[in-house]
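Here is a short note to read alongside the model. Please keep the coordinates open while going through the points.

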Amino acid sequence: MHGFATKTRFFLNETGSLSRFTARFFSVGVKPRYEVKELLAQCYIIGYKSLPLIALTAFIMGLVLTMQLRPSLVVYGVESKLPIMIGIAIVREIGPVITALIFAGKIASSIGAELGSMKVTEQIDAMEVSGTNPYKYLVATRVMAATLMLPVLTVLGDAICLFGAYIGVNMHTVTSYRLFIAQVFQDLTFGDFLPAFIKTFFFGFAVGAIGCYKGYYSSKGTRGVGNSANAAVVLASVMIFVIDLLAVQITDLLGLN
Amino acid sequence: MKAADITEDQEDLNHGEADVRPVIVIEHLYKKFGDLVVLDDFNLVVKREENVVVLGKSGSGKSVLIKCIIGLLKPDKGNILVFDQNIPLLGHDDLDRVRTKVGFLFQGNALYDSMTVRENLEFPLRRHWIDFSQQKVDELVMEALNNVGLPHTVDMMPAELSGGMLKRVALARTLILKPEIILYDEPTTGLDPVTAREIDNLIIRLQKKYHTTSIIISHDMNCVKNTADRVVLLSGGKCYAQGTYPDFEASADENIKQFFE
Amino acid sequence: MANETGNNTRLGIFVLAGLLALIMAFYMIGKNNNLFGSSFELHTRFPNLNGLIVGNNVLFAGIQGGTVKSIRLISDTSIEVTMTIDDKVRTFIHKNALAAIGTDGLMGNKVVNISAGKGASPLVDNGDMLGTQKMVSTDDMLQTLSTTNNNIAVISAELKATALRINQSAVWDVLNDRSIGKSLKTSLKNIAKATANASQISLAISNMVTRAGNGKGALGVLLADTVAGGDLKSAIAKIKTAGNNADQMTANLNALVLKIDKDLTGGKGSLNAMLKDSVIAQNLKKSMDNIQKGTDAFNQDMEALKHNFLFSGYFKKLEKEKAKQQNKKN
Ligand SMILES: Nc1ncnc2c1ncn2[C@@H]1O[C@H](COP(=O)(O)OP(=O)(O)OP(=O)(O)O)[C@@H](O)[C@H]1O
Ligand SMILES: [Mg+2]
């Protein structure tokens with residue numbers, strides 16, 4: 001009973017401080033001066049450098065999804081619906097969520113470890129003493145970069161995933177890429193695409209904010225840094241699903257489905 | 001305020017009469033972490049151009065003390081007056097202005113390991129209300145590195161440097177804004193006696209050259225002997241004893257004697 | 001410094017690639033949704049939309065030619081559908097074109113099919129109202145098929161019994177009444193036709209069923225739905241028995257009619273006694289009526305069924321083959 005109470009308190013405490021940490025992004029992070037140079041550097045690291053990984057997983061995902069889905073569709077005699085089904089699955093859910101999860105695995109952990117070790121070796125304090133707001137310089141730039149880069153990665157990931165799906169379709173039948181794309185987009189609407197696209201901004205924000213939070217409040221020692229990297233990935237991944245759930249409910253309410 | 005103003009200010013003060021007004025006044029300072037009481041009614045006054053060495057056992061709260069002075073930690077109670085400004089009550093911008101006049105050497109160097117030595121040294125210069133030209137920045141960087149005898153490391157990464165070199169680069173970064181007060185957290189710990197001696201000499205040389213006021217935390221009795229105008233023993237969260245190095249050496253107090261064995 | 005510039009360039013390429021993909025996606029989706037396309041509109045009114053919704057496709061002669069823009073209730077039996085029509089097809093639609101609600105694939109979305117009307121007519125203008133065409137839905141089809149089969153089964157059983165009775169009791173002697181003879185003849189024709197139809201349909205269906213069993217064709221999905229599947233299977237069974245019955249019946253009746261004809265032309269006069277058995281005569285008359293009605297309805301349904309998309313492929317193929325054979329003969 002006692003353990004449960006302390007755990008609950010710890011959870012509430014953690015939620016509160018994470019919220020406060022995130023709120024600081026809007027109070028501190030958006031005010032000048034802007035760390036444009038650092039933001040660009042982070043965009044390069046967080047966005048560009050993640051592309052190969054995202055591209056590889058997206059390609060395999062598209063291929064595997066097609067190969068898995070095909071037999072069932074054949075049984076029901078709707079094999080011709082394969083492109084549109086794949087298209088909807090990728091654009092609405094699999095593209096954004098898989099990309100975000102891979103992104104969380106790569107970025108949340110690296111941000112968590114980086115800020116964690118900076119915290120432990122007092123580099124963050126050194127920044128503070130050197131007249132640079134470390135929240136602005138380290139946290140705001142990374143959160144912003146993650147928020148902006150994940151949507152770009154998702155769009156590219158979707159495209160690569162569709163290419164993988166095309167290869168998968170082509171293993172059994174010969175289809176031109178143009179026909180495949182036309183079939184995919186035939187029944188896709190903005191209602192499919194826009195909510196999925198918009199939620200990736202939130203995914204990116206969550207990954208950045210959680211990675212920074214876990215690193216920023218890392219406890220001392222190598223163990224502490226490892227823990228914060230690990231906790232960042234776990235929490236960010238869970239958060240992605242929570243946001244996904246919220247997003248689908250909101251789009252439902254707005255009638256965008 | 002432009003960089004030029006800072007140096008002028010400094011010059012004015014430095015060329016004036018020997019000023020005995022205290023630059024750091026610490027009154028009734030309390031600080032605890034949870035149940036652990038670290039500082040318990042600590043008092044200290046540091047005069048201009050004085051080198052004060054703070055002695056104390058590991059975990060006695062020396063680092064906590066100087067972090068309170070620079071505003072990295074907020075004390076629970078008490079005043080810390082630096083240039084007559086009460087640090088715990090200052091807002092962000094005012095604190096930043098005081099901090100340009102205070103250098104801080106971290107116990108673990110705290111060099112930014114993702115940046116080159118040059119970028120590390122440039123970092124304190126990028127305060128938003130200082131507008132240096134690139135030429136001036138380069139000049140300051142090289143001057144600071146020359147002071148510590150490491151001009152050739154300017155484009156190296158911290159990971160490529162030895163422990164002693166790191167300490168000296170960290171010192172260079174601390175000195176780059178020519179602070180009037182420097183807080184050294186164990187500047188010679190972990191160094192061989194020769195390098196430690198160099199660092200001691202550097203501290204003394206800087207004090208002569210720039211007329212700085214220093215608080216030096218150290219366990220290294222050679223360093224204490226070389227640099228101290230006055231020694232303060234921090235024990236039980238209080239200023240347990242103070243005096244000159246010979247006073248301490250001659251003391252019969254058990255707590256003090258420990259450090260000379 | 002040079003390195004940093006390189007990084008920024010690569011970042012720029014990365015972001016632009018993403019932006020380009022985004023714009024492409026918007027364009028592709030927008031193209032299908034007519035968001036950036038034409039503003040040419042046509043209206044039409046249906047009594048029942050069968051689930052048609054805003055955003056569904058409009059097909060002209062089977063080509064994607066627009067989307068349903070809005071739906072408005074005019075009265076309880078009239079719903080106005082407004083469609084945006086793509087530029088590429090609008091110059092082919094004439095004022096007498098007909099709109100109908102159909103299905104895109106078996107389980108697919110509803111669509112509005114616009115088909116060209118018969119005869120000459122000027123091209124449509126923006127805002128024109130198109131006439132409509134009733135389309136038979138799959139559900140309706142299956143339902144009628146099932147009731148018709150029930151009817152046929154009952155009728156053919158009855159008919160068979162009557163015919164037998166007629167044969168046994170030599171009631172045909174009674175039939176100097178020419179009208180009965182005539183209606184018998186029509187019935188025979190109908191029954192013959194019905195049998196042909198029934199066997200054709202059941203062939204078509206069993207063909208589809210085998211294909212569905214192999215997992216091919218749209219019927220596979222239908223059969224997965226057990227209710228529809230069960231309906232269809234029993235329907236096929238009934239059609240088969242009805243067909244068999246009808247075959248027998250036709251033989252019997254043929255014989256009967258031949259005899260009546262002979263008797264009538266032969267002028268045999270010994271029928272009066274029989275004619276007094278008015279019950280039998282009444283029954284016979286009624287039966288004939290029933291047969292006529294039933295077979296008529298059945299044939300109508302079968303005709304309609306032939307045009308249902310489920311079987312259209314099969315019958316088209318049949319026609320093609322017929323044409324081929326005829327070509328060979330010529
Ligand atoms: N941020 C903190 N949170 C909790 N406890 C702290 C924190 N910083 C310091 N302490 C505790 O305060 C006490 C004093 O720490 P401090 O770092 O000042 O020791 P020190 O005198 O500098 O020791 P050393 O000579 O080993 O550097 C220690 O017991 C330490 O555990
Ligand atoms: Mg310490």
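1. Basis. This is a predicted model, in which local features need pLDDT of at least 70, side-chain atom pairs count only at pLDDT 80 or more, and totals for chains, interfaces and linings use all residues. Residues are numbered from 1 along each chain as its sequence is written, chains are lettered from A and ligands numbered from 1 in the order in which they are written, and side-chain values use heavy atoms, with hydrogens and water left out.

2. Shell around ligand 1. The ligand is surrounded by 14 residues, where a residue counts as near if one of its heavy atoms lies within 4 Å. The closest are S58(B), G59(B), K62(B), S63(B) and Q107(B). By type, the shell holds four nonpolar, seven polar and three charged residues. In this scheme Ala, Val, Leu, Ile, Met, Phe, Trp, Tyr, Cys and Pro are nonpolar, Asp, Glu, Lys and Arg are charged, and the others, Gly among them, are polar.

3. Elements behind the shell. In chain B, strand 2 (36–47) and helix 2 (62–70) each supply at least two shell residues. Helix 2 of chain B gives the most, with three. Helices (H or I, at least four residues) and strands (E, at least two) are DSSP runs, numbered from the N terminus.

4. Polar contacts of ligand 1. A polar contact is a pair of N or O atoms within 3.5 Å; within protein, one must be able to donate a hydrogen and the other to accept it, and residues adjacent in sequence count only if both atoms are side-chain atoms. On the backbone side, a polar atom of G61(B) is 3.0 Å from a ligand oxygen. A backbone N or O atom of V64(B) also lies 3.0 Å from an oxygen of ligand 1. From the side chains, an N or O atom of Q107(B) sits 2.8 Å from a ligand oxygen. Taken alone, ligand 1 exposes 630 Å², and the protein buries 61% of that. Areas come from the Shrake-Rupley method with a 1.4 Å probe; for residues, only the protein chains shown count as cover.

5. Barrel in chain C. Seven strands form a closed barrel in the order 1-4-3-2-6-5-7, with mixed pairing. Neighbouring strands are turned by 40° against each other on average, direction ignored. The axes are lines fitted to C-alpha atoms. Strand 1 (residues 40–46) and strand 4 (residues 78–85) of chain C run antiparallel and are joined by seven bridges; pairing requires at least two bridges found by DSSP. Within this pair, F46(C) stands opposite I79(C).

6. Positive phi. Which loop holds E49(B)? E49(B) lies between strand 2 and strand 3 (51–55) of chain B. Its phi is near 60°, and E49(B) is partly exposed at 33% relative accessible area. K178(B) has phi near 50° and sits in the loop between helix 6 (163–175) and strand 7 (181–185) of chain B. K178(B) is buried at 18%. Buried means under 20% relative accessible area, exposed over 50%, partly exposed in between (1.4 Å probe, protein chains only).

7. Chain A. This chain has nine helices and zero strands. Of its 257 residues, 50% count as buried. D192(A) lies in helix 8 (residues 190–216) and is buried, with a relative accessible area of 8%. D192(A) and A89(A) are 103 residues apart in sequence but 9.6 Å apart in space, C-alpha to C-alpha.

Technical notes:
Axes fitted to C-alpha atoms, helices over the stretch in contact; angles between N-to-C directions.
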